[in-house]
Every structure is written in C-alpha cells, then in structure tokens.
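Please look through the structure below and read the notes beside it.

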Amino acid sequence: MRSALSSSVRWWVHAVLLVCCLGAAGQPTDMWLRRTLPLNGDWPVIVDPIDHGSVDYRSRRRDLFAADTRDDGRYGLVEFSWDDEHTLAVPGDWNSQDERLFFYEGAVWYRKVFELGESGWSGDDGERLWLCFGGANRLTTVWVNGEKVGENGVGFTPFSFDVTGAVREGENMVVARVDNRRAFEAVPGEIYDWWNYGGLTRDVWLATSPGVYVSGWRLWLDGGVIRGEVAVAGDGPPGDADAVVEVLVDELGIAERVELVGGRGSFSVPAVGVERWSPERPRLYEVRVVGPGGDVLVDRMGFREIETEGGRVLLNGEPVVLRGVSIHEEAPFGGGRSVGEADARVLLGWAKELGCNFVRLAHYTHNEHTVRLAEELGLMVWAEIPVYWILDFENPATLAEAKAHLDGMIDRDRNRSNIVIWSIGNETGDAPEVTRFRRRLGEHVKRRDPTRLLSAAMFARQVREPWGAGGDGGAIAKRDGSAGERLVKLVVDDPFGEIADVLAINSYIGWYHDRPDEIAGVGVELAWDKPLMLSEFGAGVKQGRRGSADERWTEEYGLSVYGHTLRWAESLPNFAGMSPWTLHDFRSPRRPRYGVQDWYNRKGLISETGEKKLVYGLLAGWYGEMIDTNNNE
Ligand code: GCB
C-alpha cells in the first residue's frame, strides 16, 4: 500500500514537472503549423527617423500612420500617404534593400492590406484569427484597422496576436511600426559584432484556430519510452478545456488519448520500433495532435537522446564528435538577413559539403526554416540567445528579456530533435553579477527543458609566463625577438562551467593575440570532467588575397591559423567538437577597414559572394579524415 501510494505521488510530481516545460498556457506556440494566408510580399513603408508618426510638434503621443487617413478635406492637410510606390520586401531587412537605409537604426512603418475572405476564417463557433510574425527586429507595434493589437520586443523569436475582434468583412489593413534602435538594457545590448538588420525580417501570415485550441505540445524520447505533454487554452463550451487531446504517430502505432486536467495532460508510451534520429539517418515521423475543439496540428519530427558521460557527448548512447561550423543568419550572397528556405538551403548545403554533422546558430535564434531544414538534413544544432559581450547584467528587466528570448526559442523549437544544445550566451566574462545572471538563465533552461544540453560560449583564463621563465632557461626565443610573456595555458574554470553540461570556449590564439605557430605550446586545463568544445576560432581572410603565412588577411595566414588550431584541437582534453568562426563573411559595423573588410567580418570560410576560401578546403579535408576514422558519415 505504502509503495503504491508513494509511486503515485512520484508520478504526480513527475507530471507537474513535465507540464512546466510547456510554459504558461495561453497563446498558441505552434503558429508555423497553422499558416493559412501568407502576408509576405511588398509592403509600402514610411521611414520615420524623427518619430514623426509617434509624437506631434508639442511632443504629444500619437499613432499618426496607424490609420489610412486620406486627404479628403475632412482632416485638413494630410502629409503622408500609404499609396506610395516606396515598398520593402517582407520578409527582409531594410538595410540591404535601400542604400539610404544601410546604416539606419530607427523606426520604419509598414502596411499591408488583405481580404478577410482569403484568410479562410469564418468566425463560426468562436473560431479565432491570429496575425503571426516569424520575427521582427526589434520593437514592433501592430495595429489592425487602426486598433492597436499588441507589441513585441524580442527580436528573433515568433509572436502573434489574436485579431479576431479587430477584423471586418472585406478589406483589412495591418500597420506595423518596427524600431531597431539599440538600448543598453535590451538583449542584445548596444555593442555587438553583427549588423543590426531592422524590419520585418521573417515571414508574416494569418492563422486560424478553434475557440479552444492546442496551445502547446511536446514529445520526446526518454530511454525506453516516448513521453508527451499537451496543453489547451481558449474559451469554448464549458468543459472543453478539460476534455481529451489525441496524439497520433501512425508509423509507430501510437494513438494516445491524453486526458486533461485544468487544460493540461501528459503521458508516456513504450518506444517500440523507434528509429533514432541521427546525422547519418535523420529519420522523421509524422505526428498529429488533435485537440478538443476539432483543432488538428500536423508536424514532422525525430526522436533521439542526447547526454554526456564524463568528457564525452553521447548521441543515442554512442559517443559523437561535433564536426561543426558557426553560422550567422546572413544571406549567402551579398549581405543582408537571410530569409526563407532557399537561403537556408544554400547555407546548410555548404555546411553539409564541409562534412559537418553540427551547426552553431549564432548568436540569436535563427529562422524556423533553418532549424527545420537542419533537422531534415541531419545537422545537430547549438541554439543560442543574444546574451552577448556586455549587457545591463544587474537590471531585472534585462534578465526578464533574456528569459523571454529563451522562452520564445524553446516554445518554438522544443520538438526539433536536432537541437542538442541550448546556449545562454557568448563571451560575457565571469564577473560575479554576470555569473549570477547566467546562472539564472541556466536554471531557467533546465527547468523549461531538461532534455537537452546546456552551454554558453565562454572565455578561457589565459596563463602567461615571462620569456625565459620556467624550464626552458631562456632557450625558447620569440621569433620576432620581442620580449614579453608567452601564453602557456588556458584554464577553463569560468564558474558557469559548474552548471553547463558542455564546456565551450572561444579561442583566437594566432589572430587577436599570440602567433599561429605558438598555438601548439598552449596547454588546456579543465576545472570539470566535462566535454570541451571549441565554440569559435578563426582568422580574417580576404578571399583571393595571397601572400606569406605571416601576412594578415591572406589565404595563407588563414591556412596557418587553421592548420595549427586543428592539430592542437586533437590534443585537447575531453575534446568533443568545434564550430569554427564562421561559415561565411557577414556584415558588421565593427569592421570598417576599407579595401579589406568593407563592413564585413572576414572570418568566413566562404566570401560574401559565395567563393570558398582555402581554409574551407583544409577544414573539409580534416572533417573528411574524422569521418573515415570514425567510419561514420
Ligand atoms: C568573437 C565573437 C564573435 C565575433 C568574433 C570575431 O569572439 O563571439 O561574435 O564576431 O569573435 O570575429 O571577433
């Protein structure tokens, strides 16, 4: 009796823990699966560098451009018009579409007209209509027919608004004001090494749902079982939210009726006959989730397990080395934000050709197209939020915004089997207030999703010795004859390592400090017996520039840094993988050197015009050998 009781209590605790992972009930989180009417295309815009649309000449608040006010004599003079020829493509950033907006950081107003009839929405039986944005950078305020429907300030994750009450028959007008000004207390803050592309950078669409809808669901493999959670929300006939959700995976014979209590439920079924997702065989299964109000969501996903054991990463119980590359969400050819599936196909195609089984999607949540395509192609993913360099770490609002980035990313991608690492940030340093901040984020991730590995790209502590000190008795001389110190050791003891599952360090020996041929002499010490990744290393190379191995910006200098770093990597303790910086050259206002950088960070393996640099070939060869040695793909 006693043991039966305690096991049911355990089950209840487990169930509560599980449903926490779905987050707060309310807004549906699977809008991707509900797309009914795409609103992509050319949107007329008004560029607003002085906030003319938001404040009048007495500094009084107004939303001047939110309505389609016409100069019909009733309003007096109207000095704007939405009928202008001036449009921008959505999805897309404004900086790369109009050269006058190249450096622009401010507000732009967008407008779109749609026919309600085309949305497929009937409004019968409490059916809802949602206006959905895959992402916009950054502060976005939205009106429908002049009525404000909501705001969003998280630049890289999806958001949606229930516009059921705001639409009318026939023609409807959406206005979105997007403002990409930097702010110290925001996430990211004011300083970062990528372009602050502004605008409606991702897909926009209309979606429909019943009055009571599936607000979240999640399935995952846990040893011998598949576990699941579901949640419903919304208004409907009494009792609907306490009904049943069906979860069906036909190919696995799963047809689970999940009973809901207070709108939530969980289950587990034996994982019989499940083919594990892996880079060699990225097997996906169709999943159908059927909610009480006739709501049906259909997705495709894989099942796999990821864990660590001492210094190794295990995928489906087998050790795996992450052969990766870091990627910015930058268009493959010629700068600008990458948008849509075609861009993702080029970028991920380059990574596959390189021999990767892993990509680090830096430094913010990438487009849903990219993550989904990576799952299909067999690429494991490190997903990251823009907690980067310097933030207002002691400001509770900044912490809340960082958590909102994590929530948006986890809610969107929790069913993507290829995501193996959640990263809470990059190169923040380890001052006490920074560590407190990162620890809170790490704990938040573990609460929200304990089924993936936790990491952050960290600095290692450099240990230097004066020349001639130690055992060499002065015999080792720096090649250029200079005096000073030499780097002898990197110590990975950033306190975040304590809660991280994977230790990851960015190392630019040979580029920002010391010489490439000094890399081999640098030891690495870990404060924990955990897997170690080189989350970044690299060198600036202007594609096609030739010279000696000592000359910066040349292909030869790049080969030297990569050659020495790759040999060194093989000797690192607990070496579990790498994601060199980066797949291709990307725009950054921190890179003004004319004739060489021209506003591009040149550490790509591929140029901004799609030309492969010599380092690409070198790394491809190295990954090829790893594949042969491990006899896997
Ligand atoms: C880093 C940063 C990355 C930069 C890179 C560089 O350590 O993590 O965002 O772009 O170095 O090129 O300096």
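Phe 156, Tyr 192, Trp 194, Tyr 364, Tyr 388 and Trp 389 make up one aromatic cluster. Rings of Phe, Tyr and Trp (its six-membered ring) count as a pair if their centres lie within 6.5 Å; planes under 30 degrees apart are stacked, over 60 edge-to-face, and the rest tilted. The model is predicted: local features need pLDDT of at least 70 and side-chain atom pairs count only at pLDDT 80 or more, while totals for chains, interfaces and linings use all residues. Residues are numbered from 1 along each chain as its sequence is written, and side-chain values use heavy atoms, with hydrogens and water left out.

**Aromatic pairs**

- A pair of aromatic rings is described by the distance of the centres and the angle of the planes.
- The count comes to 28 aromatic pairs by the rule above.
- One of them is the tilted pair of Trp 94 and Tyr 104, with 5.8 Å from centre to centre and 55° between the planes.
- Trp 94 and Tyr 104 are 10 residues apart, and both lie in the loop between strand E3 (87–90) and strand E4 (107–115). Helices (H or I, at least four residues) and strands (E, at least two) are DSSP runs, numbered from the N terminus.
- Trp 94 is buried, with a relative accessible area of 0%, and Tyr 104 counts as buried at 13%. Buried means under 20% relative accessible area, exposed over 50%, and partly exposed in between (1.4 Å probe, protein chains only).
- Trp 194 and Tyr 388 are an edge-to-face pair, because their ring planes stand at 80°, with the centres 4.9 Å apart.
- Trp 194 is in the loop between strand E9 (171–179) and strand E10 (204–209), and Tyr 388 is in the loop between strand E23 (380–384) and helix H4 (396–413), so this pair ties together parts that are 194 residues apart in sequence.
- Both Trp 194 and Tyr 388 are buried.

**Charges over rings**

- The charged end of Arg 182 sits over the ring of Tyr 192, at 4.4 Å from the ring centre. The rule asks for NZ of Lys or CZ of Arg within 6 Å of the ring centre and within 35 degrees of the ring normal.
- Arg 552 has its charged end over the ring of Trp 511, 4.6 Å from the centre.

**Helix H5**

- Helix H5 (residues 432–448) has 17 residues and reaches 24 Å from its first C-alpha to its last, close to the expected 24 Å. The expected span is 1.5 Å times one less than the number of residues.
- The buried residues of H5 include Val 434, Phe 437, Arg 438, Leu 441 and Val 445.
- An α-helix has 3.6 residues a turn, so residues three or four places apart point the same way.

**An open sheet**

- An open sheet is formed by 3 strands in the order E26-E27-E29, with mixed pairing. Two strands pair if DSSP finds at least two bridges between them.
- Strand E26 (461–466) and strand E29 (523–526) each have a single partner strand, so one side of each is left without a neighbour in the sheet.
- Strand E27 (residues 485–492) and E29 run parallel and are joined by 4 bridges.
- Leu 490 stands opposite Val 524 in E29.

- Ala 539 lies in the loop between strand E30 (532–536) and helix H6 (555–570).
- Ala 539 counts as buried, at 3% relative accessibility.
- Leaving out residues up to four places away in sequence, Ala 539 touches Trp 511, Tyr 557, Gly 558, Val 561, Arg 602 and Lys 603. Contact means heavy atoms within 4.5 Å.

- A cis peptide bond, with omega about 5°, joins Val 90 and Pro 91; Pro 91 is in the loop between E3 and E4.
- The peptide bond from Asn 137 to Arg 138 is cis, with omega near 0°.
- Asp 125, a residue other than glycine, has a positive phi near 50°, and counts as exposed at 78% relative accessibility.
- Trp 553 has a positive phi near 75°; Trp 553 is buried, with a relative accessible area of 11%, and its place is in the loop between E30 and H6.
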